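Colleague: I've got a model open and I'd like to learn how to read it feature by feature. Can you walk me through it?

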Amino acid sequence: MSFGRCHLCENLTELCDSHAIPDAHFRPMLREGQGAAVSICDDASTPVRRTSDTWSTDQLCIACERMLNEEYDSYGIAVFKGKQGRPKPITDGVSFQDIDAGRFRTFMLSVLWRMSTSVHTAYRNAQLPAGAKEELRITLLARGRYRDSKLHLALQRLHDSTPRGGFAPEDFRSAVMSPFIRKSSNYYAVCFLMFGFLMRVFVPYLPAKERKAVHLISANSTIVFAPRLEFVQFPELFSLCVNGLRKQVHGLSQLTDA
């Protein structure tokens, strides 16, 4: 712990080790890797290596950390793990039914807010306008639900249809990826991978003419649909895996030393 200003309540107090992407996502990865996970960087020189870094920083006071965990994280994680509501796999994706979509949606936005206020280098691309960041802070502090009219959000479920040698669903569920930006002419999307799903948060929002092609999450609904996203149609992750394979082939890897 260290002493500083809590990013949520803004009080000067002791800060605890806080996670943006929940620690519940990292724990199984580290457990499976006997305390470390494989790390691949998207540059040309950093070796493929093992790491136990869970991208945490001293960011929140104990009370705010506990509140976010209880109000948002526990619910959102339970939905993703099928312990809350009724997840229904269908041919072209998965439908989460009988859930509080407003709470689920705000959970994911709380993750983005924590990313945007973190000083960890893994979250350097989690960009939010100052006004949206402050409005989110106030909403989270009040245990509220963030409005549909701001920061539209959509989910896609990762899938690999490769007949042989492809990735299994559990491989995607145990993967994590630093947020990245997809830019358009009048908006951008902050994207991040968690629990086998690609989250896209559109800033400031998705234009009306483009919404029909995207299954946006409505805060007033009890159903959230996440269409299937083929691995080969996810260029950022696909190129990262290809880069990791290239490094492995050319000896730019420390995995054999672990």
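This is a predicted model: local features need pLDDT of at least 70, side-chain atom pairs count only at pLDDT 80 or more; totals for chains, interfaces and linings use all residues.

Colleague: Is Ala36 buried or exposed?

Modeller: Look at the relative accessible area: under 20% counts as buried. Ala36 has 15%, so it is buried. Setting aside residues up to four places away in sequence, Ala36 touches Met29, Leu30, Arg50, Thr51 and Ser52. For a C-alpha to C-alpha distance, take Ala36 and Arg49: 13 residues apart in sequence, 9.4 Å apart in space.

Colleague: And a residue inside a helix? What does Leu112 contact, beyond its neighbours within four places in sequence?

Modeller: Leu112 sits in helix 3 (residues 101-117), and its relative accessible area is 0%, so Leu112 is buried. Its contacts are Ala126, Leu128, Val190, Phe192 and Val201. Tyr72 is 40 residues from Leu112 in sequence, and their C-alpha atoms are 12 Å apart.

Colleague: Zooming out, how many helices and strands does the protein chain have?

Modeller: Seven helices and 12 strands. The radius of gyration is 18 Å, close to the 18 Å from the globule rule for 258 residues, so the chain is as compact as a globular protein of that length. Its C-alpha atoms fill a box of roughly 50 × 45 × 40 Å along the principal axes.

Colleague: What share of the residues is buried, and what share of the contacts joins residues 24 or more positions apart?

Modeller: Buried residues make up 49% of the 258. Of the contacts with a separation of 6 or more, 70% come from residues 24 or more positions apart.

Colleague: Now backbone geometry. What should I expect of phi and the peptide bonds?

Modeller: Most residues other than glycine have a negative phi, and most peptide bonds are trans. In this model, the peptide bond from Val203 to Pro204 is cis, with omega near 0 degrees. Pro204 falls in the loop between strand 11 (197-203) and helix 6 (208-211).

Colleague: Last topic, the rings. How is a pair of aromatic rings described?

Modeller: By the distance of the centres and the angle of the planes. A search of the whole structure turns up 15 aromatic pairs. Trp55 and Tyr123 form an edge-to-face pair, 5.6 Å centre to centre with 90 degrees between the planes. Trp55 is in the loop between strand 4 (49-51) and strand 5 (57-61) and Tyr123 in the loop between helix 3 and helix 4, so the pair ties together parts that are 68 residues apart in sequence.

Colleague: What about Phe180 and Phe234: how far apart are the ring centres?

Modeller: Those centres are 6.0 Å apart and the planes are at 40 degrees, so the pair is tilted. Phe180 and Phe234 are both buried. There is also a cluster to find on screen: ring pairs link Phe80, Phe96, Phe104, Phe107, Phe195 and Phe197.

Key: Residues are numbered from 1 along each chain as its sequence is written. Side-chain values use heavy atoms; hydrogens and water are left out. Helices (H or I, at least four residues) and strands (E, at least two) are DSSP runs, numbered from the N terminus. The radius of gyration is taken over C-alpha atoms; the globule rule is 2.2 Å times the number of residues to the power 0.38. Buried means under 20% relative accessible area, exposed over 50%, partly exposed in between (1.4 Å probe, protein chains only). Contact means heavy atoms within 4.5 Å. Rings of Phe, Tyr and Trp (its six-membered ring) pair if their centres lie within 6.5 Å; planes under 30 degrees apart count as stacked, over 60 as edge-to-face and the rest as tilted.
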